[in-house]
Amino acid sequence: MRAKTAEDRQLLEMIDPVAESLGLAIVRVRLMGGTLRRRLQIMAERPSDHDISVEQCARLSRAVSEVLDAADPIAGEYMLEVSSPGIDRPLTRLEDFDTFQGLEARLETDRMVEGRKRFKGALAGVEDDNVAVDLDGEEDTALIPFAWLSEAKLVLNDDLLKRGAAIRAARGEPEDDGLPEGDADEPQPKTTTKDPR
C-alpha cells in the first residue's frame with residue numbers, strides 16, 4: 001500500500017534508498033493528476049518516532065529531485081510534494097498496525113469480506129500476515145489479510161489527539177503546535193513543494 005500503481009512502485013524503488021540515506025522511511029508514494037500537470041506526493045518519517053521536521057522534508061525533496069531529474073521517470077510536468085504522514089496518517093506497512101495498536105482506524109479491502117469492504121475499529125496488532133481489528137459492534141477480533149487492504153488510515157479523534165499531545169510533551173515541545181490560530185483542531189502535515197521542471 002506504500003505504492004498503488006506500477007508507476008508508483010517504480011518511483012518508490014528509486015526514492016526508498018534516497019530516504020534511507022537520510023535516515024528516513026517512506027510511508028507512501030502517490031503520483032496523482034492527469035496528463036498535463038501531475039503531483040508526486042511523498043510521505044516520509046523518521047523510523048524512531050514516526051515524525052519528520054520541515055528541514056528533513058526539504059532535504060528529502062532536494063535529494064529526490066536530483067535523482068528524478070537524472071532518471072526522468074515521469075513524462076511531462078509535475079509538482080513534488082514531500083510531507084509528514086500527518087496525525088491521521090495512512091497505515092501502509094504491516095508494522096504500522098502494531099505501532100498504532102489501540103487506536104481507531106478505517107480500513108478498506110480490495111474484495112468483499114463477509115459481505116463488506118469497509119471496516120472501522122480499534123487496531124489490535126498483527127497476527128502472521130493479518131491485521132487484527134476490534135470492529136465496532138463486534139465481539140470477536142477480526143483478522144483481515146494485509147494483502148487484501150487497499151486503504152487504511154487512523155481516525156482523527158480525541159484519543160489520537162491526546163496521543164499526539166503526549167508525544168510532543170515527552171519531547172519537550174510546547175502545547176502550541178505552530179498552526180495559525182483558529183486551525184488548532186485541523187492538524188496539517190509539514191510540506192515542502194518544489195516544481196523540478
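This is a predicted model: local features need pLDDT of at least 70, side-chain atom pairs count only at pLDDT 80 or more; totals for chains, interfaces and linings use all residues.
**Stop 1: Gln 41**

Start by selecting residues 37-45, which make up strand β2, and pick out Gln 41 within that strand. Is Gln 41 buried or exposed? Its relative accessibility is 10%, so Gln 41 counts as buried, because buried means under 20%. Now show the side chain of Arg 28 too: the side chains of Gln 41 and Arg 28 make a polar contact at 2.8 Å. Leaving aside residues up to four places away in sequence, Gln 41 touches Arg 28, Val 29, Arg 30, Met 32 and Glu 81.

**Stop 2: Thr 92**

Next, jump to the loop between β3 (77-83) and α3 (94-99), where you'll find Thr 92. Thr 92 has a relative accessibility of 5%, so this residue counts as buried. Bring up the backbone of Val 27 as well: its oxygen lies 2.7 Å from a polar atom of the Thr 92 side chain. What else does Thr 92 touch, not counting residues up to four places away in sequence? Besides Val 27, the list has Met 1, Arg 2, Arg 28 and Phe 146.

**Stop 3: the β6 and β7 hairpin**

Finally, select strand β6 (residues 130-135) along with β7; the two pair in the antiparallel sense over 4 bridges. Look across from Val 133 and you'll see Ala 142 in β7 standing opposite. The two strands form a hairpin with 6 residues between them, and Gly 137 in the turn has a positive phi of about 80°.

Terms used. Residues are numbered from 1 along each chain as its sequence is written. Side-chain values use heavy atoms; hydrogens and water are left out. Buried means under 20% relative accessible area, exposed over 50%, partly exposed in between (1.4 Å probe, protein chains only). A polar contact is a pair of N or O atoms within 3.5 Å; within protein, one must be able to donate a hydrogen and the other to accept it, and residues adjacent in sequence count only if both atoms are side-chain atoms. Contact means heavy atoms within 4.5 Å. Two strands pair if DSSP finds at least two bridges between them.
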